[in-house]
Amino acid sequence: MEYISTRGKTDPVSASEAIKEGIAPDGGLFLPAKDVNIPVTETMVKMSYQELAAAIIAPYLTDYGPEELLEAANAAYSPEKFDDLAVTPLHKISPSLFSLELWHGPTCAFKDIALQLLPHLLTAAIKKSSEKKSVFILVATSGDTGKAALEGFRDIPGTRIAVFYPDEGVSEIQKRQMVTQEGSNVSVIAVKGNFDDAQSAVKQVFADKSVAAAIEEKGYRFSSANSINWGRLVPQIVYYYRAYIELLKSGAIADGEKINFVVPTGNFGNILAAFYARSAGLPINRLICAANSNNVLTDFIVTGSYNRNRPFIKTISPSMDILISSNLERLLFELTGHDAEAVASWMSELNENGSYTVDEVTGAKIRQLFWSASADDRATIAAIRRYYKEYSYLMDTHTAVAAEVYDRYLAESGDDTKTVIVSTANPYKFNESVAAAVLSPEETAGKDEFELLQLLESETGQKIPAGLKNLDKKKIIHDATIKKGEIRDAILQIIS
Ligand SMILES: *Cc1c(COP(=O)(O)O)cnc(C)c1O
């Protein structure tokens, strides 16, 4: 399988090269040149998650061997990393509604699924090329991605990872998760300022040829773990198949019966993987795109106009606080029948004016497959409370956005197709909001995040996951704080 760029100005490359490069040289995103066909089979029903992952990924990553993929999947999704043998268990909420739990990994959120596998795909890709370099991963994080990348790359031979986080702008739990990070190849450094400060400073260093030359001399090459890398997208196709197979096995659906997925969406990576699963033949009826108050995607799906010129709203579902959904570019390329010229011109309009409008035909195709609505913080809290009361099921804030949007979809469409809510974080990861939803103000008054965890556990009976337990008692390993102008020196010091 060859990989081409959405902007059309890059020669086709192999899968391993697409993963190694991350972004195409013409500024576009890599995707497979041809459609892939993966029917649901009898054999798949008997497979473990790891076996299924290798089988689903193989037709996309054709320059990786089946053994290599299975070995990678076994290492990524081992019982030491995931606290449920199913890896992504499917919870039945009601006879027609299910929750696909993507948060049983080390950091308790869905980015683990991709970031546990990516390091193996990346190091294998480098081995395939003639380059004999180690990978240096640079991450600027506002929270979840940094921790998930640290856990994915820790102690992986041939890799080194440095994560920079803003000292004002991550929650206490997120900070604790990072500064207590173990591993022989990890660095975690606080940068004075907010997320934008840290991110723009890291981007500058990433593009600085003198830094690249200096690390090359020490045997490293820069690489990125961000969500536009095809190596992060392809592992996410697997769990859509897994959910379908689980429904088949339990008798909830008949062979070939279509189902809906509701996906809490930010950068459009998760829901795009569902789109690829559908293109490969998974029987999917509707993809329901759930947004929070940063509802740029909802407006786009409804009207065909993308407009990022609007206030950025800080919500209780912070991983969806995004105004530019990078992965949407891949969807546009697919739905226009690979029209790189149209995509490039929309992306340049987005860059210059902050907005673009797709043609009628493309808009209609989007509306046929996708449905979207948004939920604000109040509706999100109400959904957590409602689902807990009605079904004894505890949801985090991101998942609750999806649940709220599903309830509206059902009321508006009357579509009784069996539906899976894609659950992206453990409720304890966002415990302040969850506690506010299910406990009384008297119970929560004056409690810090760690006390709230204990309280939620004793009130709901749901166990605190290992990744969040005793976080306040763990040893702090990384305590450096630098100014943003000092990132370059910090990197040079790490490699020396
Ligand atoms: C990253 C993230 C999302 C958004 O996923 P996208 O692929 O960016 O659309 C939703 N929920 C949680 C908890 C996340 O960490």
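Helices (H or I, at least four residues) and strands (E, at least two) are DSSP runs, numbered from the N terminus. The model is predicted, so local features need pLDDT of at least 70 and side-chain atom pairs count only at pLDDT 80 or more, while totals for chains, interfaces and linings use all residues. Residues are numbered from 1 along each chain as its sequence is written, and side-chain values use heavy atoms, with hydrogens and water left out.

**Helix H4**

Ala76 belongs to helix H4, which covers residues 66-76. Its relative accessible area is 0%, so Ala76 is buried (under 20% relative accessible area; exposed is over 50% and partly exposed lies in between, with a 1.4 Å probe and protein chains only). Leaving aside residues up to four places away in sequence, Ala76 touches Lys81, Phe82, Gln116, Leu117 and His120, where contact means heavy atoms within 4.5 Å. Glu17 is 59 residues apart from Ala76 along the chain, and their C-alpha atoms are separated by 21 Å.

The buried residues of H4 are Leu69, Ala72, Ala73 and Ala76. Seen down the axis of H4, they fall within an arc of 95°, so they line one face of the helix; the arc is that of the directions from the helix axis to the C-beta atoms. An α-helix has 3.6 residues a turn, so residues three or four places apart point the same way. Glu67 and Glu71 are exposed on the other side of H4. The buried residues of H4 pack against helix H3 (49-57) and helix H5 (111-128).

**Two helix pairs**

Axes are lines fitted to C-alpha atoms, for helices over the stretch in contact, and angles run from 0 to 180 degrees between N-to-C directions.

| Pair | Axes | Angle |
|---|---|---|
| H3 and H10 (residues 230-249) | within 9 Å | roughly 120° |
| H16 (residues 377-391) and H17 (residues 397-413) | 8 Å apart | about 85° |

H3 and H10 are therefore oblique to each other, whereas H16 and H17 are therefore roughly perpendicular. Angles under 35 degrees count as roughly parallel, over 145 as roughly antiparallel, 65 to 115 as roughly perpendicular and the rest as oblique.

For H3 with H10, the contact has 12 nonpolar, no polar and 1 charged residues. Among those making this contact are Leu52 and Ile56 of H3 and Val238 and Arg242 of H10.

The contact of H16 with H17 has 8 nonpolar, 2 polar and 4 charged residues. Contributors include Ala383 and Tyr387 of H16 and Ala400 and Glu404 of H17. In these classes Ala, Val, Leu, Ile, Met, Phe, Trp, Tyr, Cys and Pro count as nonpolar, Asp, Glu, Lys and Arg as charged, and the others, Gly among them, as polar.
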